[in-house]
Amino acid sequence: MAGGMFQFLLAMAARKNSEGRPQITEVVPTAAIAGGELHIRGKHLTRSERRPRVMIGDVSAPVIIGSESFIIARVPEGASVGEVVVENAAAASSPWTCEIGVQIAENVHPVANPVVDRAGNIYTTFSGSRGQKTPVSVYTIDLNYRLRPLLSDLMNATGLALDRDGLLYVSSRYDGVVYQATDSGNISVYVEGMGVATGLAFDEEGSLYVGDRQGTIFKISPSRQIYVFTTLEPSIAAYHLAFGPDRYLYVSGPTTSSFDRLYRVSPAGDVEVFYRGLGRPQGLAFDMEGRLYVAASLGGRRGVVRIDPSRKAELFLSGPNIVGLAFTPSGALIVATNNALYRVDVGIKGRPLV
């Protein structure tokens with residue numbers, strides 16, 4: 001009898017401790033960068049009206065909203081280890097894993113997608129305000145994340161693309177020129193007269209597509225013949241371009257609407273709406289499973305939206321001021337904000353860019 005009572009008391013104590021311990025049942029989205037917000041759902045997240053504490057690795061995250069079953073926490077600068085723990089007045093939860101982006105460059109100014117070459121080197125811009133000639137226009141980031149100047153004296157370097165030979169192409173939204181550059185920094189004019197030239201993308205045949213935010217997408221053949229490929233609604237910021245595995249050109253261009261569209265353009269230039277319902281969509285990238293990633297807002301939450309081939313959308317990553325995306329050969333996602341670049345190890349292979 002005494003032994004039975006002892007076991008009963010132990011069970012009651014364990015139950016009491018379990019009831020007081022926070023339990024995380026969901027963290028949405030599955031990835032974030034500094035400044036992004038994680039929505040945490042569970043049980044016993046707060047106790048005794050005391051504000052809960054959220055840890056991401058060994059860094060404390062500011063709590064915006066805290067209740068017994070729901071917390072919104074902002075990812076702080078310096079957070080990198082993707083284990084989320086909630087502490088109430090009594091105990092701490094088991095860790096919940098999510099991906100936290102690591103900053104790999106700062107003091108840059110991208111306005112569109114970065115690009116990544118076959119070796120994994122990253123290219124990004126310092127675009128500057130309109131009409132501003134910055135001391136460095138394009139930087140490279142090597143495999144050790146060392147930031148080095150590549151090109152100087154371009155006015156408003158905007159879109160970037162790499163061709164099959166590894167040559168870099170840079171658009172200027174200031175003068176409507178697309179420049180061609182070698183990896184040693186030699187630069188020449190490739191084409192002129194591209195309007196407010198923004199996004200760039202190559203198709204499998206080596207033709208270059210240039211988005212003029214005034215409403216035209218140009219196609220430049222390998223022999224530099226220029227065609228009007230299609231026309232769209234003008235954008236308040238830029239056109240962003242990416243080719244999908246179906247060989248269609250996907251286009252985003254934010255307007256004044258909070259319910260913007262993504263377009264899909266056939267090889268013949270026929271335009272259809274691929275998805276409608278994003279806020280200020282910008283940079284685009286595809287993974288190896290044919291899913292499209294877009295820098296945009298969904299349901300009022302800013303970050304990276306993932307759209308599967310059936311056109312189902314979800315917020316994949318939370319973060320502010322995101323303008324561009326690119327996958328590395330190893331499958332990491334490079335996320336460009338308007339002043340920094342982050343690496344997010346999502347474990348998804350991206351489509352080769354060159």
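**Close-ups of a predicted model**

Figure 1. Residues are numbered from 1 along each chain as its sequence is written, and side-chain values use heavy atoms, leaving out hydrogens and water. Val111, Ala237, Arg280, Gln282 and Val323 lie nearest the pocket's centre, out of 17 lining residues. (On a 1 Å grid over the protein atoms alone, a pocket is an open set of points with protein on both sides within 12 Å along at least five of seven lines, a cavity is a set where a 1.4 Å probe fits but cannot get out, and lining residues have an atom within 4 Å of a point.) The pocket's volume is about 300 Å³, counted as the space filled by probe spheres set on the points, which are joined across faces, edges and corners.

**Figure 2. Two cavities, two linings.** The count comes to 2 cavities of 30 Å³ or more. The largest cavity has a volume of about 60 Å³, and around it sit Glu233, Tyr239, Gly253, Thr255, Asp260, Arg261 and Tyr263. That lining comes out as 2 nonpolar, 2 polar and 3 charged. The second largest cavity holds about 30 Å³; Tyr123, Leu150, Leu162, Gly166, Leu168, Ala181, Thr182 and Asp183 line it. By class, this lining has 5 nonpolar, 2 polar and 1 charged residues.

**Figure 3. An open four-stranded sheet.** The order is E12-E13-E14-E15, with antiparallel pairing. E12 (115–116) and E15 stand at the edges with a single partner strand each, so one side of each lacks a neighbour in the sheet. (Strands, E, at least two residues, and helices, H or I, at least four, are DSSP runs numbered from the N terminus; two strands pair if DSSP finds at least two bridges between them.) E12 pairs with E13 (residues 122–125) over 2 bridges, and Val115 stands opposite Tyr123 in E13. Tyr123 also turns up in the lining of the second largest cavity.

**Figure 4. The hairpin of E14 and E15.** Zooming in on the other end of the sheet, E14 (residues 138–141) and E15 (residues 147–151) run antiparallel, joined by 4 bridges. Thr140 faces Arg148 in E15 across the pair. There are 5 residues between the strands, and Tyr145 takes a positive phi near 65°. Asn144 belongs to this loop too. At 55% relative accessible area, Asn144 is exposed (over 50%; buried is under 20%, partly exposed in between, with a 1.4 Å probe and protein chains only). From Asn144 to Gly42, it's 102 residues in sequence and 39 Å in space, C-alpha to C-alpha.

**Figure 5. Ser235, buried in a loop.** Ser235 is in the loop between E23 (226–231) and E24 (240–243), and counts as buried at 7% relative accessibility. A polar atom of the Ser235 side chain lies 3.1 Å from the backbone oxygen of Ala238. Leaving aside residues up to four places away in sequence, Ser235 touches Arg213, Gly253 and Pro254, with contact meaning heavy atoms within 4.5 Å. Gly253 is also one of the residues lining the largest cavity.

Methods: Predicted model: local features only at pLDDT ≥ 70, side-chain atom pairs only at ≥ 80, totals over all residues. Polar contact = N/O pair within 3.5 Å; in protein donor to acceptor, adjacent residues only side chain to side chain. Nonpolar A, V, L, I, M, F, W, Y, C, P; charged D, E, K, R; others polar.
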